[in-house]
Amino acid sequence: MSEVVSARGPKVPPSFPPKSPPPQKKPVEPPRPQPATKPKSLTGVPPRLVVTSRRTRVLAFRADRWAAKKAAAQAALAVAEWDYPLLDEHDFLRAVHGLVDTAVAAGGKRVSVHLADQDNKILVMVLNHQAGEQEVVGAVPAQVAVLRTIDACGAHTDHDGHAWWALIDAQPRPKKRLA
């Protein structure tokens, strides 16, 4: 009897050990590091605000003539949860209203109100998210800067747009009475 040959050819036993590939002529080079992209920021701070170890709240609104009233009301509700019984609510409402009014007047399609607290102080920062590297359109309104409980306030332009902010004392000293 003759041996049957298949279409693939005769069966040949494998060679042991299997043949290894020839060594590479050049060693494998590790991947080159990619250049780090720099954030587009005027201050050198990486984009995106990160707040840790304190209470925060972010409120967003369409930039229209009702935004300031809505923002002041919602911000007051948010801060009420933080239990500051000595907070001058009238000053707080006027500060938020004034900052949001300024942001809306400066342009943009939306505004956001960022609230944070630490050491009996409340930070209110309003952004109009209008991109561009132009100067701040308007400074902090005078009616905000002169409030009794405002510790500091300012305005700047950054990667997120124009920002107006005020630091409010949540436990102000009592008014001095004239004798």
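Author: Two residues are in contact when they have heavy atoms within 4.5 Å of each other. The model discussed here is a predicted one.

Reader: Which residues does Leu 115 touch, leaving out those up to four places away in sequence?

Author: Leu 115 touches Arg 55, Thr 56, Arg 57, Leu 59, Ala 75, Ala 78, Val 79, Trp 82, Phe 92, Leu 123 and Val 124.

Reader: Which residues of the largest nonpolar core touch the most other members?

Author: Leu 115 is one of them, together with Phe 92, Val 100, Val 113, Ile 122 and Val 124; the core has 34 residues. At least two residues of this core come from each of strand 1, helix 1, helix 2, strand 2, strand 3 and strand 5. Helix 1 gives the largest share, eight residues.

Reader: In what order do the five strands stand in the sheet?

Author: The order is 1-2-3-5-4, in an open sheet with antiparallel pairing. Strand 1 (56–62) and strand 4 (150–158) are called edge strands, as each pairs on one side only. On average, neighbouring strands are turned by 15° against each other, with direction ignored.

Reader: What makes strand 4 and strand 5 a pair?

Author: At least two bridges between two strands are needed for a pair. Strand 4 and strand 5 (residues 161–169) have eight, in the antiparallel sense, so they meet the definition. Among the partners, Cys 153 is bridged to Ala 166 and Asp 158 to Gly 161.

Reader: How many bridges join strand 3 to strand 5?

Author: Seven bridges join these antiparallel strands. Val 126 stands opposite Trp 164, and Val 124 opposite Ala 166. Strand 3 is also joined to strand 2 by seven bridges, again antiparallel; there His 114 is opposite Met 125.

Reader: Why is strand 5 called largely enclosed?

Author: A residue is buried when its relative accessible area is under 20%. Seven of the nine residues of strand 5 are buried, so the rest of the structure largely encloses this strand.

Reader: Is Asp 64 buried or exposed, and what decides it?

Author: The relative accessibility of Asp 64 is 14%. That value is under 20%, so Asp 64 counts as buried. Arg 62 has 60%, which is over 50%, so Arg 62 is exposed.

Reader: What makes the pair of Asp 64 and Arg 62 a salt bridge?

Author: The cut-off is 4 Å between a side-chain nitrogen of Lys or Arg and a carboxyl oxygen of Asp or Glu. Here the closest N and O atoms are 3.3 Å apart, so the pair qualifies. A search of the whole structure finds six salt bridges.

Reader: Which salt bridge does Lys 121 form with Asp 151, and what does the pair tie together?

Author: The closest N and O atoms of Lys 121 and Asp 151 are 2.4 Å apart. Lys 121 lies in strand 3 and Asp 151 in strand 4, so the pair ties together parts 30 residues apart in sequence.

Reader: What joins Asp 169 to Lys 121?

Author: Their side chains meet in a salt bridge, at 3.8 Å from N to O. Asp 169 lies in strand 5 and Lys 121 in strand 3, so this pair ties together parts 48 residues apart in sequence. Salt bridges with shared partners join Lys 121, Asp 151 and Asp 169 into one network.

Definitions and conventions. Residues numbered from 1 in each chain as written. Predicted model: local features only at pLDDT ≥ 70, side-chain atom pairs only at ≥ 80, totals over all residues. Heavy atoms only, no water. Helix = DSSP H or I, 4+ residues; strand = E, 2+ residues; numbered from the N terminus. Axes fitted to C-alpha atoms, helices over the stretch in contact; angles between N-to-C directions. Buried < 20%, exposed > 50% of the residue type's maximum accessible area, 1.4 Å probe, protein only. Core = buried A, V, L, I, M, F, W, Y, C linked by side-chain atoms within 4.5 Å.
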